[in-house]
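The exercises below each set a task and then work through it step by step. Look at the sequence and the structure before reading the solutions.

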Amino acid sequence: MQASLLITLTSDFGLDDPFAGVMKGVILSINPRANIIDLTHGIASHDIREAAFTIGMNYGFFPEHTIHVVIVDPGVGSRRRHILVVTDRYCFLGPDNGVFSYIYEKEKHEITVLDINAEHYFLRKDSSTFQGRDVFAPVAAWLSLGIDFRTFGDHITDYVIQPPQLPKSLKNGLRGEIMHIDKFGNAITNISRTDINNLVRSCKDHTPKVFLGKRAVPLKGCYAEGKGRNLYAIINSSEHLEFFVNLSRAAGTCNISIGDKVELRLVR
Amino acid sequence: MQASLLITLTSDFGLDDPFAGVMKGVILSINPRANIIDLTHGIASHDIREAAFTIGMNYGFFPEHTIHVVIVDPGVGSRRRHILVVTDRYCFLGPDNGVFSYIYEKEKHEITVLDINAEHYFLRKDSSTFQGRDVFAPVAAWLSLGIDFRTFGDHITDYVIQPPQLPKSLKNGLRGEIMHIDKFGNAITNISRTDINNLVRSCKDHTPKVFLGKRAVPLKGCYAEGKGRNLYAIINSSEHLEFFVNLSRAAGTCNISIGDKVELRLVR
Amino acid sequence: MQASLLITLTSDFGLDDPFAGVMKGVILSINPRANIIDLTHGIASHDIREAAFTIGMNYGFFPEHTIHVVIVDPGVGSRRRHILVVTDRYCFLGPDNGVFSYIYEKEKHEITVLDINAEHYFLRKDSSTFQGRDVFAPVAAWLSLGIDFRTFGDHITDYVIQPPQLPKSLKNGLRGEIMHIDKFGNAITNISRTDINNLVRSCKDHTPKVFLGKRAVPLKGCYAEGKGRNLYAIINSSEHLEFFVNLSRAAGTCNISIGDKVELRLVR
């Protein structure tokens, strides 16, 4: 693993408090040349599932060797471990609570996970409420200086996995759910383009139809194809099925919530 | 046009989703030395007019050769073009929907507009929902590496102009409107200092008076001159007439909305 | 004082308007190598007390020679001065309204304060509504280029101090108050670990008990030790007493507001 100057931050800190800013101060105190990019600090408070989905969908858009720091950490200060996940192309730093479950899934053949216990790299050893600042920021900074990742702790294999919520197979179909509502009110599901392609391939003379609850929803190729205030589906930029209303907020207009059931059914 | 390392982003993405963060990942994957500054991601969803006003008022505060990327794009994925606008001092990248109308107005003598169609520079050619990531981010990055702007597409002259909402002349006055409510509740109009100066020059023995609807509003030189909860007008930092209540939210206190009519009348 | 490339921004500008972005454009126009970090732009509008507390708790996490710019400035454009505060390790730029009161307190032995009046460094001399852009951004940029701080103005000693709200001594105790509610709904007091240690040392056979109003609140070592929806206290990452409800919003759940009284009482 080469040194990298690029560190991303993902958290549920929001931007109204100085939490993210202070982490940057700590990083730059150790490595003044680090380039720190906010992926987002808008994860819902304590929502490990949303954090896992967000980093899982987006880490691959960053340059090789980027260090991704993810701090959504309801167990901060308890005995849960701090981990460093090293793949072929990236490093990930965060609490051992499942925030990296999509990474484990996608990169399963080439993954090393360490329990970070080399406390001399920490800003404070007794940190109990802000380990983003006291543990993860300094470790990210030292890593970005090119220090061998093996010096930060011990190899573990019993890290916490929160199995990604993948869609379930139905007879002639798939059942997924709404995972995220974005800023535009679009409702993103856990059904991927690959899931849809596999389903279609299995039954070539059928066409897939999308249902949100009992409502059939037509599939479109771009937002601007949507007419009026009607609900449509699209394969979005993360390659997942998404519901939208053109120029309006689908989630509000159509009363869609995280967890709502979505089905894809093959019909002749 | 020289290479620039500075790229600004303006969008309606908000900061709760990873959209802006991912664009930065794509840019830095192509040009690790790029310096990316958020102008704002707080434009109201799909509000081309607000985006045009925001970039139009602020692009000039950035260093020469800055690449300004503006993604407010209700037509994403439709046949609307992606354009590159090159002026003497800056480059602008965004959808061809009028977001650069103020630039066309201010820089009219020295402007080249290209339809970006060199798809080999794109991250994905079939992008339909997130061209900020798939088209504009990579093109900005390649531009920032010093690639000749002419290689990105073909010169066009029929780009979309949304005429900036300029104030209308009245007999002995001007009629403008509220364009933007800022974070402090200040209400910014489309009447500029130049508009006021021209008006006054035309009638030297008269004094301009400001009216919001039928209400006469006194003009002050700084916010702290405002007394109590009274409404005042000021020439603001963008050289536009603005309404304020000192230490309070004028828009809320005085029920001011975008589109409200404002008049400047010359009186003896 | 050495040149620094690191400049932090703290303000009440929010992120929906382009104010912070434009300040960065002005800084980079003067010093393209400056590294600008947002500490936060989420200070409540015009809240000098919150700004003072925020910069006071966090400036020390940044590298030596960092230039901290703090713009919470209800008197912008009035005759209040613009000041430059130089300590052993940092520079601070902002309005002379008390935003640096914690700095004066903490760094009292080694402080120089200048009234910034060298107007040739300003972007605009007649700026009345956005001195963050017109005065503080350019002065920060010139400072970051290594220009001697003494050239920016005249030494003063009568700068405005808003005495930090420190807890008051009681017979066998301390009375403090709630200073800030953070993004997680945690309620932070002005009682520091040092205050508590001094109190305990004064009366060794007693134990301190925490009261919010009349309610006794148990002290915990980390958030995860909190059970159910009960209210607890903790010494937080800024070394201050804080109230929390594990995985919930203490301020909302328990109706806590800024200014609420908190007591620490010694009991046998």
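**Exercise 1: a charge and a ring**

Solution. Next, turn to chain B: the charged end of Arg265(B) sits over the ring of Phe211(B), 3.9 Å from its centre.

The model is predicted; local features need pLDDT of at least 70, side-chain atom pairs count only at pLDDT 80 or more, and totals for chains, interfaces and linings use all residues. Residues are numbered from 1 along each chain as its sequence is written, chains are lettered from A and ligands numbered from 1 in the order in which they are written, and side-chain values use heavy atoms, without hydrogens and water.

**Exercise 2: aromatic pairs**

Task: state how the rings of Tyr59(C) and Tyr90(C) are arranged, and why.

Solution. Start with the rule: rings of Phe, Tyr and Trp (its six-membered ring) pair if their centres lie within 6.5 Å; planes under 30 degrees apart count as stacked, over 60 as edge-to-face and the rest as tilted. This gives 42 aromatic pairs over all chains. The centres of Tyr59(C) and Tyr90(C) are 5.5 Å apart and the planes stand at 85°, so the pair is edge-to-face. Then place the two residues: Tyr59(C) is in the loop between α2 (48–58) and β3 (67–71) of chain C, Tyr90(C) in the loop between β4 (82–87) and β5 (91–95) of chain C, 31 residues apart. Helices (H or I, at least four residues) and strands (E, at least two) are DSSP runs, numbered from the N terminus.

Tyr90(C) also forms an edge-to-face pair with Phe92(C), at 6.2 Å centre to centre and 65° between the planes.

**Exercise 3: a sheet in chain C**

Task: give the strand order of the open sheet of seven strands in chain C and name its edges.

Solution. The order is β2-β1-β3-β5-β4-β6-β7 (chain C), with mixed pairing; two strands pair if DSSP finds at least two bridges between them. The edge strands are β2 (35–40) and β7 (153–156) of chain C, each pairing on one side only. Inside the sheet, β4(C) pairs with β6 (residues 111–116) of chain C in the antiparallel sense over five bridges. In β6(C), Leu114(C) is the bridge partner of Leu84(C).

Definitions and conventions: A charge sits over a ring if NZ of Lys or CZ of Arg is within 6 Å of the ring centre and within 35 degrees of the ring normal.
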